[in-house]
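Dear colleague,

Please find below the sequence and structure that I am handing over to you. My notes on what was found follow directly after them.

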Amino acid sequence: MKRQILGDKIAIGLSILCIFHCLIFPLMFIALPVMASAAVLFDESFHQWLLLAIVPISLPILTLGCMRHKSTKVFLVGVLGIALLLTPWLIGEDRVNEALEVFLTLIGSLALVYSHFKNYSLRQFID
């Protein structure tokens with residue numbers, strides 16, 4: 001049970017990191033030339049590493065939560081979020097323009113944050 005709660009919290013944190021990566025870091029990079037030393041955060045591989053962390057944490061945690069609280073809506077919103085995050089990578093990031101990639105990542109991350117938050121709160125209600 002505690003692993004599921006921790007998993008939801010980690011997945012929420014990683015999803016928020018995706019949002020910051022796509023929206024906040026580029027603004028900081030433009031505004032602060034000092035941030036040039038943090039260029040590794042803007043590399044496409046950073047997005048791929050986040051996906052490698054998010055998917056294996058989110059799917060089992062959302063599945064276990066759904067089995068416990070029986071809300072398939074929460075599970076499906078989470079799966080949609082994962083699908084949106086994976087879409088640019090599956091299509092090929094070179095074939096998706098930057099604005100669409102940011103949009104898909106933002107919506108996917110928000111869907112995951114929502115689903116993990118609901119997953120966490122529904123389990124708290126049951127326990």
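Leaving aside neighbours within four places in sequence, T105 is in contact with C18, C22, H47 and L85. Please note that this is a predicted model. T105 lies in helix α4, which spans residues 98-126. T105 counts as buried because its relative accessible area is 1%, and the cut-off for a buried residue is under 20%. The side chain of T105 also reaches the backbone oxygen of E101, at 2.8 Å.

Two of the contacts of T105, C18 and L85, belong to the largest nonpolar core. This core has 12 residues in all: L14, C18, F46, L50, L51, I54, V55, L62, I82, L85, L86 and L112. At least two of its residues are supplied by each of the helices α1 (2-31), α2 (44-69) and α3 (72-91). Helix α2 gives the largest share, six residues. In soluble globular proteins, nonpolar side chains tend to be buried together.

Not counting residues up to four places away in sequence, I54 touches L14, S15, C18, L85 and L112.

Which residues form a nonpolar patch on the surface? They are L100, F103, I107 and L110, and together they have about 350 Å² of accessible area. I107 is classed as partly exposed because its relative accessible area is 34%, which lies between the cut-offs of 20% and 50%.

With kind regards

Methods: Residues numbered from 1 in each chain as written. Predicted model: local features only at pLDDT ≥ 70, side-chain atom pairs only at ≥ 80, totals over all residues. Heavy atoms only, no water. Core = buried A, V, L, I, M, F, W, Y, C linked by side-chain atoms within 4.5 Å. Buried < 20%, exposed > 50% of the residue type's maximum accessible area, 1.4 Å probe, protein only. Helix = DSSP H or I, 4+ residues; strand = E, 2+ residues; numbered from the N terminus. Contact = heavy atoms within 4.5 Å. Polar contact = N/O pair within 3.5 Å; in protein donor to acceptor, adjacent residues only side chain to side chain. Patch = residues over 30% accessible without salt bridge, like charges linked within 9 Å, V, L, I, M, F, W, Y side chains within 5 Å. Areas by Shrake-Rupley, 256 points an atom, 1.4 Å probe, with all protein chains shown as cover. Salt bridge = Lys/Arg side-chain N within 4 Å of Asp/Glu carboxyl O.
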